[in-house]
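Hi,

Here is the structure I promised to pass on. Have a look at it first, and then read on for what turned up.

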Protein chains: 2
Amino acid sequence: MLRIALDMDEVVADVLPKFLDLFEQYNGKRPSPEELAGRKIYDLPGGKQVRQHIYDKGFFLDLPLIPGAKEGVLELSKHYEIFFVTAAQEFRNSFEDKYDWLIQHFPFIDWRHFVFCGDKSVIQTDYLLDDHAFNLRTFSGKGLLFTAYHNLNETEFTRLDDWSEVLAFFENERTTKSTAP
Amino acid sequence: MLRIALDMDEVVADVLPKFLDLFEQYNGKRPSPEELAGRKIYDLPGGKQVRQHIYDKGFFLDLPLIPGAKEGVLELSKHYEIFFVTAAQEFRNSFEDKYDWLIQHFPFIDWRHFVFCGDKSVIQTDYLLDDHAFNLRTFSGKGLLFTAYHNLNETEFTRLDDWSEVLAFFENERTTKSTAP
């Protein structure tokens, strides 16, 4: 069975609503989609304080799911071995939050398939779906870019805009491979 | 630069003294080396309660170093990229302990090179030094068994008894490779 590594933040866990709320709290207004395109919210003027909250205990615990992620992962798990691979190591306080969040939302994925790391180049799977091009650049398998505001200008990788595109991509992969001569 | 993945428990972190203390606490005596050979301490008669403590917050925080591990990792880090790869995911309460322990004892290894996982088959490095044969069996690189009581009967992998043997092994690897025709 081929293996897919799935990033968490901005692939299955939706961190943007919380970022937008925090930005508004500090600046009295939300950034526009145009302002967000191609950069992280905390790199905008007035965004620096937003980033500090990523270190808060509990920050990652109540994030909503990216639309379609739960059903999408369930569907993929019928055809592939799924690993969640997240760069949790940057945020010591995120470990328990992220673990609890995965257990809550993806009880059908075994904890043995949760990976908390920093440098994802150490991961060996057939696919990696991630919102950061720098993770895909060092990946030895097929890298897939999940669209987020901050990566809108990236052109280097196969881009998937949402979970319906993710499922369509993998269905096509299976069809193409099974009908190859 | 070639990469080495190092397991934590019973490779760099010495969990046995705490296990022996707990065993004695519950049973009034310590198991003999003969009793420990080829099995985990918690699989001995009277050992079951010992295992429960692995789930305690703080269990992994004050473990002593395996003799020679700190100096050994420092030496290896001059020639290889070092990753710590530990199956922390089995013990949710161990994440922060293990992270803090690594930061304390190995400040010269970047946190990006700490990996908390379950199934180590997802790890891609050139070497894996581990006390569990089952981790080496699914590893795609060169697996090295670090001697512990529980693995004394394993014969499948290159065995290294202590950190001086680890350093000698890798020195030999480098010498052999650099003098190859």
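**The strands of chain A**

Strand E1 (residues 3–6) of chain A runs parallel to strand E4 (residues 127–130) of chain A, and three bridges join the two. Two strands are said to pair here if DSSP finds at least two bridges between them. Helices (H or I, at least four residues) and strands (E, at least two) are DSSP runs, numbered from the N terminus. Within E4(A), Leu128(A) is the bridge partner of Ala5(A).

Before going further, a word on how to read this. It is a predicted model, where local features need pLDDT of at least 70 and side-chain atom pairs count only at pLDDT 80 or more, while totals for chains, interfaces and linings use all residues. Residues are numbered from 1 along each chain as its sequence is written, chains are lettered from A and ligands numbered from 1 in the order in which they are written, and side-chain values use heavy atoms, with hydrogens and water left out.

Back to E1(A): Arg3(A) and Ala5(A) point one way from the strand, Ile4(A) and Leu6(A) point the other way, and all are buried. Buried means under 20% relative accessible area, exposed means over 50%, and partly exposed is in between (1.4 Å probe, protein chains only). As background, side chains in a regular strand alternate between the two faces of the sheet.

E1(A) also runs parallel to strand E2 (residues 81–86) of chain A, this time with four bridges. Ile4(A) has Ile82(A) as its bridge partner in E2(A). E2(A) is mostly covered, with five of its six residues buried. It pairs as well with strand E3 (residues 114–116) of chain A, in the parallel sense and over three bridges. There, Thr86(A) stands opposite Phe116(A) of E3(A). To get from E2(A) to E3(A), the chain passes through helix H5 (residues 94–105) of chain A, and this β-α-β crossover is right-handed. Right-handed means that, with the strands pointing away from the viewer, the path from the first strand over the helix to the second runs clockwise.

**Helix H1 in both chains**

How far apart are the end C-alpha atoms of helix H1 (residues 16–27) of chain A? They are 16 Å apart, which agrees with the 16 Å that its twelve residues should span at 1.5 Å a residue. The expected span is 1.5 Å times one less than the number of residues.

The buried residues of H1(A) are Leu16(A), Phe19(A), Leu20(A), Leu22(A) and Phe23(A). They cover an arc of only 165 degrees around the axis, which puts them on the same side of the helix. That arc is taken from the directions from the helix axis to the C-beta atoms. An α-helix has 3.6 residues a turn, so residues three or four places apart point the same way. These buried residues pack against helix H2 (33–36) and helix H3 (48–52) of chain A. Just after H1(A), Gly28(A) takes a positive phi of about 75 degrees.

In chain B, the buried residues of H1(B) are Leu16(B), Phe19(B), Leu20(B), Leu22(B) and Phe23(B). Seen down the helix axis, they fall within an arc of 165 degrees, so they line one face. Their cover includes helix H2 (33–36) and helix H3 (48–52) of chain B.

Leu2(B) sits in the segment before strand E1 (3–6) of chain B, and at 36% relative accessibility it counts as partly exposed. Its C-alpha atom is separated by 7.9 Å from that of His79(B), 77 residues apart along the chain.

Asn151(B) is in the loop between strand E5 (142–146) and strand E6 (158–160) of chain B. Is it buried or exposed? At 2% relative accessibility, Asn151(B) counts as buried. Not counting residues up to four places away in sequence, Asn151(B) touches Asp131(B), Leu145(B), Phe146(B) and Arg159(B). Contact means heavy atoms within 4.5 Å.

Lys40(B) lies in the loop between H2 and H3 of chain B. Leaving aside neighbours within four places in sequence, Lys40(B) is in contact with His132(B) and His150(B).

**How the copies relate**

A rotation of 180 degrees with 0.0 Å of shift along its axis superposes chain A on chain B (RMSD 0.0 Å). The two copies are thus related as by a two-fold rotation axis. The superposition is by least squares on the C-alpha atoms of residues with pLDDT of at least 70 in both. Of the interface residues of chain A, 100% are also interface residues in chain B, so the copies meet through the same surface.

Cheers
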